[in-house]
Each structure stands twice: as structure tokens, then as C-alpha cells.
Amino acid sequence: MKIYFAALSLVFFMAVNATAEEYKSITTAGYSNLDFNARGGDELSTESTYYFSGKETLGPLREFEFINNASNLSGAYYHRSIGSTNSDSFAIAGEYFAENGFVLGANIADLGGESFNTIALGYMFTPNFLMKFYNTDGNTYSKFRYNYDLNETDYIGFDFSADIVFDWQIFSSKYFSKIGDVQYISIEFSYLNYNEWDDFWEVGSNYYFTKSTSLGASYDENNDYKVGLSHFFNRNVAVEASYSTRLGSPFKYSSFGSDIYKNSWNTDTEVDKFELGVTVQF
């Protein structure tokens, strides 16, 4: 009888851990200490996104579908101080996914006193294929995003972006897989081809010991790297800590515009960056 109840408890535990969590809001906040060769600095940042329909996790509490299809509103703030120089950036954004497949989006951003606004129009042909066209202050570019489901949790996703005259192109891909009872792994790669500048590439990976705890690392063409650890104390609150040699930019937050700027912002700056962050999901 004891063996029976022990086995039943184990099955119940595995079933609970395999159940996907659903969230409608995700908020992040972080602090970074910057150490340059001759001076120091810091960064403060936060972003909050509300989804009008729930988003289900793929196992790990920080992993969601490759192609978002939930209408949403978001806002972000980013502050950087280096020596006596300070800059503040703000953004609000929204996306609307219509039932007939059309997608509308807009971002209103202020980057240190300069406007950086984006509008977008797209069409979702299937839940696994999205096409969008963006215009940012007169510059037009396109994005194609495709997801291939390998099974209920595993997938490989592809993303291609380019401007209308093909001066630059960005290709990125992500592979996500369950590799154990509660272990998962993600592998990402991005490549930027800029006709007037040097090319740029980056690779990264996250290993999930459980759905709550992960270790991540990335490396790029400039010999910059990042290593970090993330842990959820419960289904709602997580903390992150990392060290990197890349300065980064506000475009890591989607509220500031298309994520193509996150991939193309690759200034090679000598810096030691220590980051602490918190994530709250409901």
C-alpha cells in the first residue's frame, strides 16, 4: 500500500510540473553596474506588458511560443548614466491581432530626447507564419517569422528581416527542446549582413535544470560574452543575475520598436557589466 501511494504521489508531482502555466502580464526591472577602463556608470530599466489573452508556457516559466499572437500593450523606461552624462528613454507600444489574420502595431519612443516611432502592418497566414512590414521614421523594412513544431513542446523557429532596398539583412533562428523529465534547452543564432559595415553574428543558449531555474550564455563576433542565472521562487516571481562584456541598448525591450534594432545594435565597447533583475508574471 505504501508503494502504491508513493507511486501515485510521484505521478501527481510529474503531472503538476508538466502542466503549462498561463500569464496575462509580464513585468521586468533591472539594475546594471558598468565598469569602463577609465570611468563607471549604471543603468536602470523596466518594462511591463499586458496581454489581452493568456500566454501559455512551454514548460520553463520564462519560455513562450516563438510567434506571439496575443494583442498587447506595453511601456518601458531606460536610464543610463556614464560619468557625468545621463540619458533617459521612454516608450509605449501596442499590437492588435485581428480574427481575420491582420496585425497592427505601433511604438512611440523617446530616446534621450529624440523621437523614434514605429508603425507596423502584418498578416498571420497561419499560427506558425507571420509577415510584417514596419516603418520607423521613414525607414521601411520587412520581417518574416516561421515556426516549425517538432512536437508538443519542441520547435525550431526562423526569422528574416531586411530593408526595402536590401542594404541590410538579419537572419536568426531558435531551437527549443525538452531533453529530460524537467530539463529543457534553447539554442539561438543571429547573423547581420550590412552592405556598408562588417557582418555581425551571435550565438546563445539556455539550459533549464527545472522549469524554474536556468543558466544562460552567449558569445558574439566582437568576442563579447554574457553568462547569467535565472530562478523563479514561485510561479510569479523570478530573479536574474548576469555578467557580460557588452554594453547593450534600450532596444532589448520590444516597447522601443522592432527587435531588429536589438540585433543590429552591436557597438564594440570595452566594459564589464554586472546585472541584477526581477521578473513578475501574473
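**View 1. Contacts across the whole chain.** Among contacts (heavy atoms within 4.5 Å) between residues at least 6 apart in sequence, 45% join residues at least 24 apart. The chain is shown as a predicted model, in which local features need pLDDT of at least 70 and side-chain atom pairs count only at pLDDT 80 or more, whereas totals for chains, interfaces and linings use all residues. Residues are numbered from 1 along each chain as its sequence is written, and side-chain values use heavy atoms, with hydrogens and water left out. Two helices and 17 strands are present in the chain; helices (H or I, at least four residues) and strands (E, at least two) are DSSP runs numbered from the N terminus. Of the 282 residues, 42% are buried, a term for under 20% relative accessible area, with exposed for over 50% and partly exposed in between (1.4 Å probe, protein chains only).

**View 2. Confidence along the chain.** The predictor's confidence in each residue, pLDDT, runs from 0 to 100. Its mean over the chain is 89, and 89% of the residues reach 70 or more. Helix α1 (residues 2-18) has the lowest confidence, at a mean of 41, and strand β16 (residues 237-244) the highest, at 98. Residues 1-17 have pLDDT below 50, and this stretch has three contacts in the model beyond near neighbours in sequence. Where pLDDT is low, the predicted coordinates should not be read in detail.

**View 3. A nonpolar surface patch.** Tyr146, Tyr148, Leu150, Phe158, Phe171, Tyr175, Ile187, Phe189, Val203, Tyr219, Tyr225 and Val227 make a nonpolar surface patch of about 1,000 Å². Two or more residues of the patch come from each of β9 (139-149), β11 (168-178), β12 (184-194) and β15 (225-232). Patches are made of residues with over 30% relative accessible area and no salt bridge; like charges are joined within 9 Å, and nonpolar side chains (Val, Leu, Ile, Met, Phe, Trp, Tyr) within 5 Å. A salt bridge is a side-chain nitrogen of Lys or Arg within 4 Å of a carboxyl oxygen of Asp or Glu. Ile187 is placed in strand β12 and is partly exposed, at a relative accessible area of 43%.

**View 4. The surroundings of Gln169.** Gln169 lies in strand β11 and counts as buried, because its relative accessibility is 11%. The Gln169 side chain makes a polar contact with the side chain of Asn193 at 2.5 Å, and also reaches the backbone oxygen of Phe166 at 2.8 Å. A polar contact is a pair of N or O atoms within 3.5 Å; within protein, one must be able to donate a hydrogen and the other to accept it, and residues adjacent in sequence count only if both atoms are side-chain atoms.

Definitions and conventions. Accessible areas come from the Shrake-Rupley method with a 1.4 Å probe; for residues, only the protein chains shown count as cover.
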